[in-house]
Amino acid sequence: MIKKPLILGIESSCDETAASVITQNEQNIPIILSNIISSQIDIHKEFGGVVPELAARSHIEKIDLIVEKAIKDSGIQIENLDAIASTAGPGLIVCLSVGLGFGKALAISLNKPFIAVNHLEGHALSPKLNCKLDYPYLLLLISGGHSQYLSVEGLGKYKRLGTTIDDALGEAFDKTAKILGIEFPGGPQVEILASKGNPRKFELPKPIFNKGGCNLSFAGLKTAVLRISKDLKSTQDKYDLAASFQKTIEEILYKKTQIAFKEFEKVNKIKADKFVVAGGVAANSNIRKMLINLCKENAITPIFPKQELCGDNAAMIAMVGLEKFKKGEFSELSHPAIPRWPLDENAIFLKGAGVKL
Ligand code: KG4
Ligand code: ZN
């Protein structure tokens, strides 16, 4: 019998210290054997955002315990691992360095291959942890640092169809939360407030709604929320503003996703038959519901990672590690931490040139 690969994933790009062991069954379906995530919310709460040095210190204090627990919970012996995969970017360099250095050291000591993983590719492949997903597919990646429509054509093969020209969607949720006086990290709390409000109470702008293809923009929306927040008279007003903000996001994504369906078809010469939504904001149930309905209207299969795999985790890093391991794509031990590491090779050029609207 062929030995099933055992891959350890390590994640420390921001404020989650995480480790996970995955394998796959005879049908090549990935199986999560352990998935440990330690959040630093309590450390950063009083500062209203992630403080890089405090985050790095906490990663250093916890990483060995988290990896040890991931190995223990998986029920395997550490020497039976086949490869170690660590996030190498994008993210905070002081944080990335901890998981990257730890992964390399473990690979050296066990004499196993080391695999450097792009965190965004982790999000992009995260749905593969709970369903069969063949290339190509259309991906909407909505996290705290990124908001992009991508055509995913294979492992490491990404074409950007659209991107935010200012704030990321998660960032817009977090900033709105701050304006509404919600503690960090506010994104998930905005959803709770919104559920108690009237989404039609406030009219908010939809930047680049009628231009710019499937590019996105959220900065103007946030500024409008700030302006309106100064005149709020009651708690109900606050709920209504959260609901109006979330509804506006839904309307923007409803329209831009339809454009992305067409862009995908143009690029790949085939109709999109599945639509994958990944990243922290994919956990938002209203956005999920709206996108599922949109897919139904277009006879497209919607695919989301499991709720607990939307945010940062190491199982998704191990997932990329597993695919790379099977292709024999290993990394040099000199692989650097890369704070800015776009998935598609045109991204830096696009960024420098500004997105054409
Ligand atoms: O993917 P992720 O965990 O980390 C990054 O790679 O950025 O995404 C975190 C982002 C945060 O901005 C957080 O506020 C947002 O995802 N988020 C949500 C929800 N859950 C997390 N935004 C809206 N609704 C949610 N339920
Ligand atoms: Zn992430």
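Predicted model: local features only at pLDDT ≥ 70, side-chain atom pairs only at ≥ 80, totals over all residues.

1. The place to begin is the largest nonpolar core, which has 47 residues. Tyr149, Phe245, Ile249, Leu253, Phe275 and Leu291 are the ones with the most contacts inside this core. Two or more residues each come from strands S6 (137-142) and S9 (274-278) and from helices H5 (169-179), H6 (187-194), H7 (219-229), H8 (235-268) and H9 (285-297). The most comes from H8, at 11 residues.

2. Do have a look at Phe245. Leaving aside residues up to four places away in sequence, Phe245 touches Ala172, Phe173, Thr176, Val190, Leu204, Leu221 and Val225.

3. Now to H9, a helix of 13 residues. From first C-alpha to last it reaches 18 Å, close to the 18 Å expected at 1.5 Å a residue.

4. Which residues of H9 are buried? They are Ile287, Arg288, Met290, Leu291, Leu294 and Cys295. Viewed down the axis of H9, these fall within an arc of 170°, so they line one face of the helix. Lys289, Lys296 and Glu297 are exposed on the other side. The cover over the buried residues of H9 includes S6, H5, H8, S9 and strand S10 (301-303).

5. Finally, the ends of H9. Asn284 caps the N-terminal end, with a side-chain oxygen 3.1 Å from the backbone nitrogen of Asn286. Just after the helix, Ala299 has a positive phi of about 55°.

Conventions: Residues numbered from 1 in each chain as written. Chains lettered and ligands numbered in written order. Heavy atoms only, no water. Core = buried A, V, L, I, M, F, W, Y, C linked by side-chain atoms within 4.5 Å. Buried < 20%, exposed > 50% of the residue type's maximum accessible area, 1.4 Å probe, protein only. Helix = DSSP H or I, 4+ residues; strand = E, 2+ residues; numbered from the N terminus. Contact = heavy atoms within 4.5 Å. Expected span 1.5 Å × (residues − 1). Arc of directions from axis to C-beta. Polar contact = N/O pair within 3.5 Å; in protein donor to acceptor, adjacent residues only side chain to side chain.
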